[in-house]
Amino acid sequence: MNPMKEQLSQIGVKILTASRNDIYLSMRFFDIALSGLTYEMNLSTRTIGTDGFKILFNPGYLVSSYKEYPQDVNRVYVHMLLHNIFRHYSGRQQRDPELWNLACDIAVESMVDEFQAACVKRVITDERISWYYRLKKDIKVLNAESVYRWLVRAKLPFYEQQKAEKLFRWDDHAFWDSEDDDPSDQRQQRQKRRDKKWQDISEKTRTNLKTFSKDATDKAGDLLLQMDISLRERYDYKAFLKKFAVRNEEIRLDMDNFDYIFYTYGLNAYGNIPLIEPLEYRETEKIQELAIIVDTSESCSEELLRKFFGETFAILHQMDSFFKKINIHIIQCDADVQKDTAIHSMDDMKKYMKQLMVRGRGGTDFRKGLGYVNRLVEEGEFKNLKGVLYFTDGYGAFPKNKPPYDVAFIFVSEDGTDVKVPPWAMKVLLESDDIMSWSEADEH
């Protein structure tokens with residue numbers, strides 16, 4: 001590096017070091033995150049950005065920003081920290097990159113605008129206030145995923161999207177992706193290291209927020225709520241459905257217990273007479289009986305219900321999860337049971353999906369749906385019911401006592417907020433993006 005570039009690099013590093021110290025003194029819960037990034041001059045950007053390992057900066061941008069308004073350097077520093085803490089760089093797959101970038105910037109800036117720390121405090125412009133007002137009419141929590149869904153539905157005109165990008169963008173997202181000339185395996189290893197690093201930092205930052213003094217955490221606005229949602233355990237829905245399998249025998253060659261040595265020996269020694277025949281029966285765990293209740297109240301959209309049906313059946317079919325003889329009841333229920341359809345084969349299931357009509361659109365009462373299943377059990381319709389899947393938005397009356405089978409409430413949340421269930425119930429909290437990703441995966 002020539003002397004001029006070396007000097008510019010040193011100036012940039014000094015500015016970022018001063019900014020890091022300023023942020024640390026005001027918001028100490030960021031201490032681990034602040035130590036997670038090194039600094040490097042990079043003239044391929046006009047501004048500044050992060051790749052999860054370094055902050056890459058144009059010294060001209062840093063010098064001019066620091067001279068004009070030093071707090072802007074603090075803001076962009078915190079802005080980039082939050083992108084890493086929430087791992088926004090890993091969310092562009094199967095999404096519109098431009099809308100995702102904008103959603104991440106809006107989500108991050110909405111948090112920074114609520115911070116009470118003097119080092120990042122800035123007057124919120126009328127334009128930003130107007131944007132937050134529009135979003136919060138439809139979204140409870142302004143995280144990147146919920147803002148992205150809002151932007152997709154809103155279909156903003158091009159000029160309005162550009163104005164929003166200028167209003168909320170602080171950093172260069174080009175560094176989120178690995179270098180194009182990296183071999184694929186090296187790129188994947190690098191991304192895994194980055195994800196593991198920031199997952200660990202995020203967990204420790206959340207712990208800091210919960211253990212620091214109230215005065216310190218008051219400066220963080222709703223950062224803790226955002227982190228609780230972001231770091232919530234993601235459920236593997238395919239693995240979860242296996243909980244409802246039962247062990248049974250079915251006719252199938254059990255090649256695992258088949259010994260080719262003795263088999264071949266019998267053919268050679270006794271003239272085409274095998275010494276050991278392969279077993280005709282094999283114990284397997286599959287779904288034989290299942291009740292699926294769907295909340296057809298007004299708050300659950302018909303599109304979402306259709307996706308849930310289609311994707312649940314598709315997952316079970318791909319997993320080879322059914323015995324040849326099955327007994328599945330699909331029950332549509334709002335404040336009362338509207339329809340019960342019995343499924344006894346895959347052909348029945350395909351026919352049901354083609355003729356699916358959603359009935360109800362009233363209120364929600366989980367007691368009615370589960371009470372109906374109890375009656376089916378008493379009448380002998382179910383002989384060995386493993387459990388019930390109850391697909392809902394979560395707003396309804398729960399039974400006080402546990403039914404004589406497992407019940408899993410599957411909630412689809414637009415904003416990632418949690419839903420309380422009785423102690424006896426299982427809970428799976430999904431986002432609509434999860435279901436959308438199943439559909440896209442099947443199409444490809």
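This is a predicted model: local features need pLDDT of at least 70, side-chain atom pairs count only at pLDDT 80 or more; totals for chains, interfaces and linings use all residues.
## Where helix 4 meets helix 9

Helix 4 spans residues 70–85 and helix 9 spans residues 184–211; their axes approach to within 9 Å and cross at roughly 110 degrees. The two helices are therefore roughly perpendicular to each other.

At this crossing, Leu81, Asn84 and Ile85 of helix 4 touch Trp198, Ser202 and Thr205 of helix 9. Sorted by class, the contact has three nonpolar residues, three polar ones and no charged ones.

## Salt bridges involving helix 9

Charged residues do feature elsewhere, as the structure holds 15 salt bridges. One of them pairs the side chains of Asp51 and Arg190, at 2.9 Å from N to O. This pair links distant parts of the chain, 139 residues apart: Asp51 sits in the loop between strand 2 (48–50) and strand 3 (54–57), while Arg190 belongs to helix 9. With a relative accessibility of 6%, Asp51 counts as buried, and Arg190 is buried too, at 18%.

Arg206 is buried, with a relative accessible area of 16%, whereas Glu203 is partly exposed at 30%.

## A bridge with an exposed partner, and a network

Glu379 and Arg375 also form a salt bridge, at 3.7 Å from N to O. Here Glu379 is exposed, with a relative accessible area of 57%, and Arg375 is partly exposed at 45%.

Elsewhere, salt bridges with shared partners join Arg75, Glu109, Asp113 and Arg128 into one network.

How values were computed
Residues are numbered from 1 along each chain as its sequence is written. Side-chain values use heavy atoms; hydrogens and water are left out. Axes are lines fitted to C-alpha atoms, for helices over the stretch in contact, and angles run from 0 to 180 degrees between N-to-C directions. Helices (H or I, at least four residues) and strands (E, at least two) are DSSP runs, numbered from the N terminus. Angles under 35 degrees count as roughly parallel, over 145 as roughly antiparallel, 65 to 115 as roughly perpendicular and the rest as oblique. Contact means heavy atoms within 4.5 Å. Ala, Val, Leu, Ile, Met, Phe, Trp, Tyr, Cys and Pro count as nonpolar, Asp, Glu, Lys and Arg as charged, and the others, Gly among them, as polar. A salt bridge is a side-chain nitrogen of Lys or Arg within 4 Å of a carboxyl oxygen of Asp or Glu. Buried means under 20% relative accessible area, exposed over 50%, partly exposed in between (1.4 Å probe, protein chains only).
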